[in-house]
Each structure stands twice: as C-alpha cells, then as structure tokens.
Amino acid sequence: MDDPLMADEIRLADRLAQQLRQFIAEQQLQPGARLPAERQLAQQLAVSRSSLREGLQKLISEGVLISRRGGGNFVARQRDDWSSTRLVMPLSTLLTDDPGYRYDVLEARIAIESSTAWHAARRATLEDKAHIRRCCEMMQQVSDRDDPDLAAHSDVRFHLAIAEAAHNLVLLQAMRGLFDLLQSSVMQSRQRMYTAPEIFRQLAVQHEAICQAIIAGDADRARSVTIHHLEFVDATMRNLHEEEARRARSMRIPDSKRGQP
C-alpha cells in the first residue's frame, strides 16, 4: 500500500476490531445484546473514542454488529448464507403455504437432536454440562411461575445448549435454523403444552432424563431418551392440532343441527 498513514489506519481498525471480538466473547454477549456506551467501552479497552469507532465500523460492515441510530451498537445474529437463504427461507415458505410441513421439521429434529445429544454426552466440557443443567432447571422455575411463553423459550434454549455442547458447527447451525422455524410456526402449540399439567410433568421428566444422560457421559442413553422425548412432542402436538381442527369444525355446524343424531 502506497500511503503509510492509510495503512496504519487499516491496521488500527483491524486491531480494534479484534479487541472488540475478544470483548464480546469474554463478556459472553449473545445476539441482540447491547454493547456498553462508546465512552464506557473506550475506557474499558483503553483506547480513544475515535479509534474505537474505527473498530466498531469494521465489525458493523462485516455484519458482526448492528448500529441503531440513537440506540447504540448490538451483537448481530449471525446468519451464514447457506443457512439462512438456502435452508431456512425455502422451508419458511413451505410452512407458510402448508402448516402441515411442521411435522417434517419435527422429524428432522429427531434425526438431528439424537445426534447432538449423542455427541454432547461424549464431548461436553464441565462448563457445557453446567450450562445444560442450568437450562434444565430454568424450565422448571419459569413453569412454576405459570409463564408458558417463557417456558417454551427456555425449552428451546435447553435443546440449543445441548447442540452447542456437541461441538459440531454444522449440527449447531442446522439446529438454529430449525428452531427459527419452530418459534414462528408452532410456538403457540409449545405454549399450550406447558399449560397442561400432565403434559408438563412428562416433559419435565424427559428433559431431566436427557440432562442426566449427557452429564453422565452415556451417549447411547442420551440418544434414546432424546428420541423418546421428541416422539412424545410430535404426538402431543398432533393431538393438540387435531383438537383445534375438531373445535373449528364444530363451530361451523349450525345451532339447529347440534345434538341431532
């Protein structure tokens, strides 16, 4: 590069961008998390605010951060091209056109999550296991507060924690894509599962069995109890949807015909 000043500026931006990446990792900031204000962040990193902006701008241009006018800088949700455009979007269109495809998604979950549970049981670190345990306990706590929406989201977090503990990036990305679909297509049904005491009790027992198998390092059992759990979820959701369909049909019957043989 001919201009040494420009070269120095580029190297500075690269260094600051790397510092910011390290800060995000060390603080365990998740997608959607807001970075500290520029003044505070510059002090924490021991750099000038003008230099900090160079690093922030680089990460914004790379899609690592999102800048919201007047709102600050946020960690972006990472969407690899193959995952978002080639996997999630076509399936999302199918689900919009025919909600019945939700069961194909659930079948895919059985195939993928039986593998992630098996690998997690073999590869999970002590930190991974502690995180899975916390997620499992969180589901119990939020359900005790009778918050089915939060319970359903905690359920998602539990299964993603297992995928993360499998330490297989392809499986993890596939799981994230499927859960993006599930949250938009069947979250209402997942919420309903948590409002039925007997269903919730069985889900709690199943989640605990998965958690214990992974923590114990029993890969075969982790896989089998995961398959059992997801087959139960599949059957339960089908029953819920059939009940909804029957109720909708009954509402279309004229009052004069109700009760007639």
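## A salt bridge between Arg157 and Glu164

Let's start with a pair of charged side chains: Arg157 and Glu164 meet in a salt bridge, with N to O at 3.1 Å. The term salt bridge here stands for a side-chain nitrogen of Lys or Arg within 4 Å of a carboxyl oxygen of Asp or Glu. Arg157 is partly exposed, its relative accessible area being 28%, and Glu164 is partly exposed too, at 26%. As for the cut-offs, buried means under 20% relative accessible area, exposed means over 50%, and partly exposed is in between (1.4 Å probe, protein chains only).

A word on the ground rules: this is a predicted model, where local features need pLDDT of at least 70, side-chain atom pairs count only at pLDDT 80 or more, and totals for chains, interfaces and linings use all residues. Residues are numbered from 1 along each chain as its sequence is written, and side-chain values use heavy atoms, leaving out hydrogens and water.

## Linking helix 6 and helix 10

In total, the count comes to 8 salt bridges. One of them joins the side chains of Glu208 and Arg133, at 3.0 Å from N to O. Glu208 sits in helix 10 (residues 197-216) and Arg133 in helix 6 (residues 126-144), so this pair ties together parts that are 75 residues apart in sequence. Helices (H or I, at least four residues) are DSSP runs, numbered from the N terminus, as are strands (E, at least two).

Both partners are partly exposed: Glu208 has a relative accessible area of 24%, and Arg133 comes in at 23%.

Arg238 is partly exposed at 31% relative accessibility, whereas Asp234 is buried at 11%.

## Positive phi in two loops

Which residues are worth a look for their backbone? Ala46 is not a glycine, yet has a positive phi of about 60°. You will find Ala46 in the loop between helix 2 (38-45) and helix 3 (49-61), where Ala46 is exposed with 68% relative accessibility.

His167, likewise not a glycine, has a positive phi of about 55°. Its place is the loop between helix 7 (148-165) and helix 8 (169-185). His167 is partly exposed, with a relative accessible area of 47%.
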